[in-house]
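Keep the structure open while you read.

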Amino acid sequence: MRIAAFYFDGIPSKIFRLRFYLLYTVTEKRNEVEMELYTLDHAIEKAIREKSTSPQVWNDILQTFSSQQQQQQQQQTPSTTKPPPASKKAIRQLPTVTVTPEDLVDENNRECCICLDE
């Protein structure tokens, strides 16, 4: 992984573009390298621009943001301890109950136990 900064007049504080390059070898062809090019998140760019004269810390900045992103994703990911939804087969096997006017005579039967709408 590489971060490249493009700046004006040889002055690192005048960065006009930052890019993140991911380089990797093609496993089938040992002497070929493939590259993926990414733009950076605005917050990462800002942090790197603030350290424009210290490129040795750019990877640390990138790693810090990456760790923060992973933590946020883990916190936002719903818990996997919830039971999965019922299978279509299980739903098809549920009995069908027809509610008649006689069933609604009892006050306790007038509220739907599933949707609680009526």
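## Starting at Leu-18

Leu-18 touches Ile-3, Ala-4, Ala-5, Leu-40, Glu-45, Ile-48 and Arg-49, leaving out residues up to four places away in sequence. A contact here means heavy atoms within 4.5 Å.

Before going on, a word about what you're looking at. This is a predicted model, where local features need pLDDT of at least 70, side-chain atom pairs count only at pLDDT 80 or more, and totals for chains, interfaces and linings use all residues. Residues are numbered from 1 along each chain as its sequence is written, and side-chain values use heavy atoms, with hydrogens and water left out.

## The overall plan

The protein has 3 helices and 3 strands, and along the sequence they follow the pattern β-β-β-α-α-α. Helices (H or I, at least four residues) and strands (E, at least two) are DSSP runs, numbered from the N terminus.

Of the 118 residues in the protein, 14% are buried. Buried means under 20% relative accessible area, exposed means over 50%, and partly exposed is in between (1.4 Å probe, protein chains only). The protein exposes about 10,400 Å², and carbon and sulfur atoms supply 52% of that; accessible areas come from the Shrake-Rupley method with a 1.4 Å probe, and for residues only the protein chains shown count as cover. Among contacts between residues at least 6 apart in sequence, 23% join residues at least 24 apart.

## The nonpolar core

Which residues make up the largest nonpolar core? There are 11 of them: Ile-3, Ile-15, Leu-18, Phe-20, Leu-40, Ile-44, Ala-47, Ile-48, Trp-58, Ile-61 and Leu-62. Strand S2 (15-25), helix H1 (42-50) and helix H2 (58-76) each supply at least two residues of this core. A nonpolar core is a set of buried Ala, Val, Leu, Ile, Met, Phe, Trp, Tyr and Cys residues joined through side-chain atoms within 4.5 Å.

Now look at Glu-45, which sits in helix H1. Is Glu-45 buried or exposed? Glu-45 counts as buried because its relative accessible area is 14%. Leaving aside neighbours within four places in sequence, Glu-45 is in contact with Leu-18 and Leu-40.

Ser-52 is found in the loop between H1 and H2. Its relative accessibility is 8%, so Ser-52 counts as buried too. Not counting residues up to four places away, Ser-52 touches Pro-12, Ser-13, Ile-15 and Trp-58.

Pro-12 lies in the loop between strand S1 (2-7) and S2, and at 28% relative accessibility it counts as partly exposed. Leaving aside neighbours within four places in sequence, Pro-12 is in contact with Tyr-7, Ser-52 and Thr-53.

Arg-17 lies in strand S2 and is partly exposed, at 35% relative accessibility. Leaving out residues up to four places away, Arg-17 touches Ala-4, Ala-5, Phe-6 and Arg-49. Arg-17 and Glu-45 are 28 residues apart along the chain, and 8.8 Å separates their C-alpha atoms. Asp-41, in the loop between strand S3 (33-39) and H1, is partly exposed at 46%. Asp-41 and Phe-65 are 24 residues apart along the chain, with 9.4 Å between their C-alpha atoms.

## The largest pocket

Phe-65 turns up again here: the largest pocket is lined by 10 residues, and Ile-44, Leu-62, Phe-65, Ser-66 and Gln-69 lie nearest its centre. H2 gives the most to the lining, with 7 residues. On a 1 Å grid over the protein atoms alone, a pocket is an open set of points where a 1.4 Å probe fits, with protein on both sides within 12 Å along at least five of seven lines; lining residues have an atom within 4 Å of a point.

The space in this pocket is about 170 Å³, where the volume is the space filled by probe spheres set on the points, and grid points are joined across faces, edges and corners. The lining divides into 4 nonpolar, 5 polar and 1 charged. For this sorting, Ala, Val, Leu, Ile, Met, Phe, Trp, Tyr, Cys and Pro count as nonpolar, Asp, Glu, Lys and Arg as charged, and the others, Gly among them, as polar.
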